[in-house]
Structures are given as structure tokens and as C-alpha cells.
Amino acid sequence: MTQDDELDGLVRKRIRALRVAQGWSLEELASRAHLSQSSLSRIENGQRRLALDQLVTLARALDTTLDQLVETATDDVITSPVVDQAHGSLRWSVRGDPGMTVMRQRVTGPPPDNPARMRAHPGREWFVVLSGTAVLMLGNRRFRVETNQAAEFPTMMPHAIGAEGGPCEILGIFDRDARRGHQREPAEGE
């Protein structure tokens, strides 16, 4: 079996699996993709050649992208973190969205009591508390975020995260803009 044959079979299986996961019959997906039911059946069963225009139409009908439909398995399944000594954290890049970063951080001090030390920048952040209790300062509001609770917020709102009652550990996800906003160190007095 060649690589092309393997990819062909994989794409056909994905089309069927996505259709079944949506709870759709052959007739329903065929209607959404503007194909005949028999054409779709032959595509899924390998009795009809896969045409690029049909793959694009099927991807749209299945609410996915052509890239995701034809994506092959990769050997790069495991990712090692980058140690960020300056911030005391570990960072992982998310391959599917290079702008997305996952960060694990131990927070030991309370949030700043001076609102001028809070930061605002474009983007969105999401974090979950793995252990302990975190305090999220968001504008003039203070939120306690306990173990297994998560917070999500737009980072244009001045914000800071600290610990309450001892260290806490958080796992955060930053979009591209939020990651950039956290890459620079705050200037003295900021």
C-alpha cells in the first residue's frame, strides 16, 4: 500500500466518521454537500475517485477544513516545554494554532495592591487553578479562583494574578496577542 492509498483510505474513513458523529444519514450529508446519495456512498466506500472539489464541499458540509480532512498523523505527538526563567514558568506551543501558548506557572505572592501595576494588552486569557487559590484582579474587581475552577477574560481589561493563603499553581492558555503582552517585563514603577 502506498502513502497515497493510505491517505485516500484515511480521508474516506474521516468523512464517514464525521458524518456518523453528527448523526447524519448518507442522504442528509449528500444534501448538505450537494451530492447524490449514491455518489457519497461510493466516496465513503472507495468505489469512486476523490475529487478535490468534492473534498472541499464535503469539508464545508462537515464543518471542518480541507486541511483537517486530509491531515496525516505526525510523529511529533509529544511536546517538551520551554523553561521561562524570567517568569518562573513552563511554556508549550500549540501546533494546531501557532499563536496559542499553554503555560504552567507557580504563583507565590499576592496580586499587586497598586492598580498601576496591573497590565492591559490585546488578547484573551484562560487559566485553571491546579492547586491552591488564585486571586484574579480584573479592573476594580477581585475574584477568588479555587482549585479546579477556571477563569477567562479579555486582556484589554487591566489584570493581575496572585496567590491567596500560600502558593498556587495555574495552567493558562494565551492567544497570540495575550502571549505577546506577557513576553515583555514590566518597566520599573509600572
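Reader: Which residue in strand 5 stands opposite threonine 133?
Author: Glutamate 146 does. Keep in mind that this is a predicted model.

Reader: In what sense do strand 4 and strand 5 pair, and over how many bridges?
Author: Antiparallel, over six bridges. Strand 4 covers residues 124-138 and strand 5 covers residues 141-146.

Reader: And how many residues are between them in the hairpin?
Author: Two residues. Glycine 139 sits in that turn, with a positive phi of about 65 degrees.

Reader: Switching to the inside. Which residues touch the most other members in the largest nonpolar core?
Author: Ile15, Leu29 and Leu58, out of 16 residues in that core. Helix 1 (3-21), helix 2 (26-32), helix 3 (37-45) and helix 4 (52-61) each contribute at least two residues to this core. Helix 4 gives the largest share, four residues.

Reader: What does leucine 29 touch, leaving out residues up to four places away in sequence?
Author: Ile15, Arg19, Trp24, Leu40, Leu58, Ala61 and Leu62. There is also a second, separate core of twelve residues, with Val107, Phe127, Leu138 and Ile170 among them.

Reader: Last topic, confidence. What is the mean pLDDT of the protein chain?
Author: The mean is 82, and 82% of the residues reach 70 or more.

Reader: Where does pLDDT stay under 50?
Author: Over residues 185-190. The model has six contacts beyond four places in sequence for that stretch. Where pLDDT is low, the predicted coordinates should not be read in detail.

Note on methods: Residues are numbered from 1 along each chain as its sequence is written. This is a predicted model: local features need pLDDT of at least 70, side-chain atom pairs count only at pLDDT 80 or more; totals for chains, interfaces and linings use all residues. Side-chain values use heavy atoms; hydrogens and water are left out. Two strands pair if DSSP finds at least two bridges between them. A nonpolar core is a set of buried Ala, Val, Leu, Ile, Met, Phe, Trp, Tyr and Cys residues joined through side-chain atoms within 4.5 Å. Buried means under 20% relative accessible area, exposed over 50%, partly exposed in between (1.4 Å probe, protein chains only). Contact means heavy atoms within 4.5 Å. pLDDT is the predictor's confidence in each residue, from 0 to 100.
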